[in-house]
Amino acid sequence: MRQRQGLIALAFLAPALVCLAVLRIVPAISAVVESFYTESLLRGGRVFAGLGNYTDLLSNKDFRQSVGVTLLFTVLVNPIQVVVSFLLAVLFTQRAAGARLWRTLVILPIATPPAVSAVIWSVIYRPDGLANGVLERLGLPAQPFLTSPSQVLPSLIVLLSWIGVGYWMLFLIAGIQEIPAEVREAALLDGAGPWRRMVSVVLPLVRRPLAFVLVADTVSNLLVFAPVQILTKGGPNGNSNLLMYDVYSRAYAIGDIHVAQAEVVILVALTLAIVAGQFRLLRGDQ
Amino acid sequence: MKRLLPATIVAVAALVAACGGSPDAGAPAAADQGPETGTITFTGTDNAETYQPVIKAFEAKNPGIKVTYTQIPFDQFNATMQQRLSAKDAGIDVYTVDEPRVSQLAAKGFLTDLSDLDEQVKTKFSATAYKTNHFRDKLWSLPMWNSTQFLFYNKTALAKAKVTPPTADPQQRWTWEQVEAAGRKAMQSGGTKYGLFMEQPEAYYQLQPLAESLGGGSGIEGDDALTPAVETDGWKKAMQWYGATFASGLSPRGIGGFQTGPVFAAGDVAFFVGGPWDLKIFGSSKIDWGVAPLPDFQGGKPLTPTGSWSLGINPASKQQGMARKFVEFATLDAAGNLATTSTTTIIPANLDAQKQYTPQMDGFSGTKTAGAAAITTYESEHTAVSRPVSVGYIQFEEVMGKAFADIRNGTDPAARLQEATRQLTDAWKSIK
């Protein structure tokens, strides 16, 4: 009986397991295997190269810069997005007039495809665009935004946060609403002010959703691609050349699929290392 | 990774197959021609309306064959095609091929050999078009269009700034120095925001003549055409000038892709460098404008871009026979070739079609386009310079595009060209 149940369960799981194997595991293995090979377009033939593709990458200046840019981007974008989503979640769970309307407005950009958002922001960031129009009204000097090596990354962070913050906020709102009313009331009776309540009551009680948001946000930001492809093509001077875009341009623009596979493997390893580090830190807090 | 897998497996399979095959690898004409009736798929970058007339004419002449057109935006076209062709996607029968890319596409086994049409192509097209569609002595694609570049100017703004506009006479071609001075005057007193703007400010196609006109060469040299040569004096000088036009505000930074034409159509720039397609597009704008030949540098040699899309057949197509019929109709047949140019104004590559087409160019937008026909004829006979034929052209265009973008945004040109040399050497290592 029990064995039969097990078989039925397996049958139900089979579609998911097959998809997992075909779409995730096999490609992953293939990427690792292919990253050890190389081939010449003119001479042809696929040759085992050992770690050749990896050493080529590590000695490549553009790749090293891309890793640096990606790490800097990760260090900046994730804390900003998590803190802003948390503050917005706290704000929108207050009983205030129009809170639902505001919440909807913040979530709205999620419904816009990333490519469309990028096109909208390309107009905003143009030298004669909306952003400089606003600065001019405020009596501030015009800014180069995407055309400046130092402003390009912050500009992308603003754009990505516009898309992402509303989404991550949803998880945190759900978490805050889970906090039992008695706990809040007890804090109120003890005379805790709004700041105290946020730091000592809300924050510790939304730790689980917060940990999820941090990890999921980190992974999604390591895989950012569309805005870079549409707005900057990695420039100026490689200052927005995030690893995911670098993989794409190596594979399909430069056409060196094997080195691109090696880069994918490095990107996955980097992602795992960062996420593992985050889990460790979160556990250390307890 | 999900996307890399099938492409890789098939690319490897395709390369192994292509390299191990006989000298006739690819799909020789004698191969399976497939069914005689049905629907073939044609993929390109232009709007669907562009190809409606030629598809209609073809279907009328070939009952039982239908053609469906799929558009892939220009910015994503090359990468998407690379992915789909390497996956041996039989969903593409015919596709547009940018002429300088013929070599690499043929080397990768992405084009059907059309060498049996060699004689016809030799007589029906220009010698340049004949040559650029060949790779290793074989014909891989059939030329569909040709192109050139014009200097468009805003008549109202120049009149306001009291500047006599350039004439359409190629013998009295302006220099870039003249354009720069007149552009600045238009910005001061002609009411335009910018003086000069190129339609594709980061494209090798449009910037090649700047360097070549100063004797800088194409940027590629060597017997195998896989040695970068972008640090010549001509390239450095041309890029110094080009970078400075943005640094000084003569040209705008941060506007690219399909946002450039509207800047001229809105009256925001005095001079605009664009192609034959603009002759009709700008006709619907409210400003008054005219056309003149593409400038060159003082003391330089006048040179102009040329070349355009060809048509090729996917070797993975299961409908080789029908695909060939369509490709031949759209290029070798003068009426068919002419039909490809009736919606979007672009020069047909077929010489008979060209003879009928060029005189009409003067009237594309009333009196504004007066002189366009004579300019086109003169440039194609005297100044046209093709993009280099190299198996590494795809990488070259990619690397140079990023270099142009950085120079535009203020990076030191000499240092950036040096960087480009390094990147090209790296990228071409995997080809050699």
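Select B:Leu196 to begin: this residue sits in strand 9 (residues 194-198) of chain B, where helices (H or I, at least four residues) and strands (E, at least two) are DSSP runs numbered from the N terminus. You are looking at a predicted model, in which local features need pLDDT of at least 70, side-chain atom pairs count only at pLDDT 80 or more, and totals for chains, interfaces and linings use all residues. Residues are numbered from 1 along each chain as its sequence is written, while chains are lettered from A and ligands numbered from 1 in the order in which they are written.

Is B:Leu196 buried or exposed? B:Leu196 counts as buried because it has 26 C-beta neighbours inside 10 Å. The rule is that a residue is buried if 20 or more other C-beta atoms lie within 10 Å of its own, exposed if 12 or fewer, and partly exposed in between, with C-beta atoms placed from the backbone. Now show its contacts, meaning residues whose C-beta atoms, placed from the backbone, lie within 7 Å. Leaving aside neighbours within four places in sequence, the contacts of B:Leu196 include B:Val179, B:Thr245, B:Leu250 and B:Phe271. For a distance check, pick B:Phe264: it is 68 residues from B:Leu196 along the chain, and their C-alpha atoms are separated by 9.3 Å.

**The sheet around strand 9**

Next, colour the open sheet of 4 strands in chain B, whose order is 9-12-8-13 with mixed pairing. Two strands pair if DSSP finds at least two bridges between them. Strand 9 and strand 13 (289-293) of chain B are the edges, each pairing on one side only. On average, neighbouring strands of this sheet are turned by 20 degrees against each other, direction ignored; axes here are lines fitted to C-alpha atoms, for helices over the stretch in contact, and angles run from 0 to 180 degrees between N-to-C directions.

Inside the sheet, strand 8 (residues 150-154) and strand 12 (residues 269-274) of chain B run antiparallel, joined by 4 bridges.

**Strand 3**

Move to strand 3 (residues 94-98) of chain B: 5 of its 5 residues are buried, so the strand is largely enclosed by the rest of the structure. Which of its residues point one way, and which the other? B:Val94, B:Thr96 and B:Asp98 take one direction, B:Tyr95 and B:Val97 the other.

Strand 1 (residues 38-44) of chain B runs parallel to strand 3 of chain B, with 2 bridges between them; look for B:Phe42 opposite B:Val94. Strand 15 (residues 309-313) of chain B pairs with strand 3 of chain B in the antiparallel sense over 5 bridges, and there B:Trp309 is the bridge partner of B:Asp98.

**Two residues with positive phi**

Most residues other than glycine have a negative phi, and most peptide bonds are trans. Select B:Lys88, in the loop between helix 3 and strand 3 of chain B: it has a positive phi of about 50 degrees although it is not a glycine. B:Lys88 counts as partly exposed because it has 19 C-beta neighbours inside 10 Å. Then try B:Asp137, in the loop between strand 4 (134-135) and strand 5 (138-139) of chain B, whose phi is positive at about 65 degrees. B:Asp137 is exposed, with 7 other C-beta atoms within 10 Å.

**Domains and the partner chain**

Zoom out and colour chain B by domain: domain 1 is 4-146 + 307-381 and domain 2 is 150-306 + 387-429, with bounds from an automatic or database domain assignment. Their C-alpha centres lie 27 Å apart. The contact takes 28 residues from domain 1 of chain B and 23 residues from domain 2 of chain B. On the domain 1 side, helix 16 (372-382) of chain B gives the largest share, 6 residues.

Finally, bring chain A into view: 35 residues of chain B are in contact with 38 residues of chain A. Helix 1 (4-20) of chain B is one of the elements to highlight on this side, as it gives the most, with 9 residues.

Terms used. Two residues are in contact if their C-beta atoms, placed from the backbone, lie within 7 Å.
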